[in-house]
Amino acid sequence: MRASVSTGLLLAAAACAVHAQEPADYPAKPIHILVGFTPGGGPDITARYIAQKLGETWKQQVIVDNRPGAGGTLAAGTVARAAPDGTTLLSVSSAHAIAPILYSNLTYDTFRDLSGITLAAASKYVLVVSPALGIKSVKELIAAARAKPGTFNFSSAGMGSGTHFAGEMFKAMAAIDVVHVPFKGIPEALTETMTARVQFFMAPIANAVGQVKEGKLAGLGVSSAERDPLLPEVPTIAESGVPGYESILWFGLLTSSGVPRPIINKLNAEITAILRGAETYARFGPIGMTPRPMSPEAFDQHFSLCAFGTLVFWPLLQTAAKVA
């Protein structure tokens, strides 16, 4: 009898465990979206918008938790170690693909411990300087930097951030000797550039378009292959003296790899519906962001290709920068 009761209890526990993993029961408690950067950047903007919409649809609390540090890797490590129940998500930028190259002591395996949910949006950078510098074009910036090697600085949202990679790429392709100055986030990097304490910043267009239009920053070039409709008078960097330059910024959502596939698929379906809505385009369009939802499998592949490209090109950029 005792054996039968024990067996029955085990079967009941197993049945409850399986039942708990079914999408119909998800989410049974609040969801946390961790952002590895300070408020105001693309990962934060997309996370807060998606959190609001998920909360309204699922009638469940969705909390955005900013945990800046180490190029977003502190937050990523927390999510990688989280309980695999789908209630701890990670909002990342393209910087997530750079981390395995920059940090040799990561506490997690980027490919093994994290699973993609979806790409959220894509954007671009705009190369900005303080109007006080009197520099009007990319060519003038390059000439000024070459005239005083090692004295110009460029800011970023942190070591290993997308803004860091875009700046290093510009530094190498323009063959200039400038110094990287990392900050805690985009707002700080923008402030230091506006005050001319730092000479230039490869800023996400969503964060800089307002200051450029107000004249607080001078936009010298956009990082895409074509001009951006938000700043049609600003040429591309490629057409302004650095042929071939192109750097695209993207944002996406991940969770820990142990999360059951049905939960990941449910998250993907709901977030995809949010991103494809007319309200999202109306919200993201004015800040230069384009919704780009995709399947979890496609996002994992997208990330792998970005990480491989970084693995190949980052050492080349560093070598080119040293030569310059």
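The second largest cavity in this predicted model has a volume of about 80 Å³. It is lined by 14 residues, and F37, G71, G72, V92 and H96 are the closest to its centre. Helix α3 (73-80) and strand β3 (88-93) each supply at least two lining residues, with β3 giving the most, four.

Two cavities of 30 Å³ or more are counted, and here they are side by side.

| Cavity | Volume | Lining by class |
|---|---|---|
| Largest | about 140 Å³ | eight nonpolar, eight polar, no charged |

A cavity is a set of points on a 1 Å grid over the protein atoms alone where a 1.4 Å probe fits but cannot get out, and lining residues have an atom within 4 Å of a point.

In the largest cavity, 16 residues form the lining, and F37, P43, S93, A157 and I186 sit closest to the centre. Among its contributors, α2 (42-58), α6 (162-174) and β9 (248-256) each give at least two residues.

E270 is buried (under 20% relative accessible area, 1.4 Å probe). It has no salt bridge (a Lys or Arg side-chain nitrogen within 4 Å of an Asp or Glu carboxyl oxygen), and K266, the nearest side chain of opposite charge, is 7.6 Å away. Leaving out residues up to four places away in sequence, E270 touches L54, T57 and W58 (heavy atoms within 4.5 Å).

Residues are numbered from 1 along each chain as its sequence is written. Local features need pLDDT of at least 70 and side-chain atom pairs pLDDT 80 or more, while totals for chains, interfaces and linings use all residues, and side-chain values use heavy atoms, without hydrogens and water.

Note on methods:
Buried < 20%, exposed > 50% of the residue type's maximum accessible area, 1.4 Å probe, protein only. Lys, Arg positive; Asp, Glu negative; His and termini not counted. 1 Å grid on protein atoms, 1.4 Å probe; cavity = no way out; pocket = protein on both sides within 12 Å on 5 of 7 lines; lining within 4 Å. Points joined across faces, edges and corners; volume = space filled by probe spheres on them. Nonpolar A, V, L, I, M, F, W, Y, C, P; charged D, E, K, R; others polar.
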